[in-house]
Amino acid sequence: MPRIGKILIAALIAFVALTIVGACGNKPSSGPKTEMGEVNNEIAFEVAKNYFFRNGEKIPTSPKITSEESFSKLFGMATTMGKDGKPTEIDFSKQFVVAIILPVTDDATEINPVKVEEKGDSLLYTYAVKTGEKQTYSIQPFSIIIFDKKYENKEVVLVNERETNYFPAIDRYLVNVFGKQYAEGEHCVPIHSIVTVDERNGEDILVWGDFWVFNYNQAGDTLKCVSGGSHPGLMHIQQTEKGFEVTGFDQVEDGTDNLPSAKKIFGDKYDRFHTINSDAEARERLRADGLADYARKHNLGATMYQDYGWPARKLPKIQ
């Protein structure tokens, strides 16, 4: 049985080509009510184009950038010929931006902003990602969208559209297949640490990542970890008449076969897997965020979480 120890990776698959263009119009009408009874209002934004991410800069932990100084440290202007060759103007006295930046990749990948909704003190930014063929060169994928400064104090919550379609299938698989392998708890919490996705074949969607399951018991306002473990590998997903389903899982083996099987399954993606798997801070952050979201959705009233033999930690606030 896999040991408890490592804690998740954050790896949002959220990229965009350097030359994304276009803008989203005003959408002032109210949307449907959420499960908490709040009303979502779609708000206007503009997609910034003709910028590049500076080599060697560290990817920020927050996607929100509110000053020209911070923005210029991360991005440079990439002016090209023609009337549409100038970088989109950004006036930080009246605007701020949200930037999604991911590690360097040689996969052709693009991101399409779907909508941004105002929900209480949060902005829910939903985006769709498409992964294409492998390229002969590497890029630093990112996206930048611009907002009116009146929304600057709101928390930005990134929502990958995949989470509304086939990611729930991964959750069900983790709970039903792996969750039962561990000591039982009151709550079984699945979390994904995605390396990359290949959606070219709709009958066999490939999702490489490290997939985690944690079982918890609740004591007052604290979720106490009972058991759990990591299952890195490759998920095979297919859309059926009943929705998306996991049809197979190529799992990295334990013991002396761990490294050879990981390199075989991840192939040319192994270095990327190893890099994000080595980021302990990001793993812990993703686990805490996932657990906080689970607690909110299930109305648990939990504010803390605790691993055996360690002090309790505060759950991040999820709107």
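Colleague: In which helix is R272 found?

Modeller: R272 is found in helix α4. Helices are DSSP runs of H or I with at least four residues, strands are runs of E with at least two, and both are numbered from the N terminus. Please note that this is a predicted model, in which local features need pLDDT of at least 70, side-chain atom pairs count only at pLDDT 80 or more, and totals for chains, interfaces and linings use all residues. Residues are numbered from 1 along each chain as its sequence is written, and side-chain values use heavy atoms, with hydrogens and water left out.

Colleague: Is R272 buried or exposed?

Modeller: Buried means under 20% relative accessible area, exposed over 50%, and partly exposed in between, with a 1.4 Å probe and protein chains only. R272 has a relative accessible area of 16% and is therefore buried. Contact means heavy atoms within 4.5 Å; leaving out residues up to four places away in sequence, R272 touches T105, D106, D107, V195 and T196.

Colleague: Which residues of α4 are buried, and why do they lie on the same side?

Modeller: In α4, residues 270-277, the buried ones are Y270, R272, F273, I276 and N277. They lie on the same side of α4 because they cover an arc of only 165° around the axis, the arc being that of the directions from the helix axis to the C-beta atoms. The face turned away from this buried side carries the exposed residues D271 and T275. Among the elements that cover the buried residues are β13 (187-198), β14 (205-219) and α5 (280-297).

Colleague: What charges sit over rings here?

Modeller: The criterion is that NZ of Lys or CZ of Arg is within 6 Å of the ring centre and within 35 degrees of the ring normal. The charged end of K269 sits over the ring of W208, 4.2 Å from its centre. R287 lies over the face of F214, at 5.3 Å from the ring centre.

Colleague: R287 leads me to Y305. Where is Y305 placed, and which residues is it in contact with?

Modeller: Y305 has its place in strand β17, residues 304-306. It counts as buried because its relative accessibility is 3%. Leaving aside neighbours within four places in sequence, Y305 has contacts that include T222, L223, E284, R287 and A288. A polar contact is a pair of N or O atoms within 3.5 Å; within protein, one must be able to donate a hydrogen and the other to accept it, and residues adjacent in sequence count only if both atoms are side-chain atoms. The side chains of Y305 and E284 make such a contact at 2.3 Å. Y305 and D221 are 84 residues apart in sequence, yet 8.4 Å apart in space, C-alpha to C-alpha.
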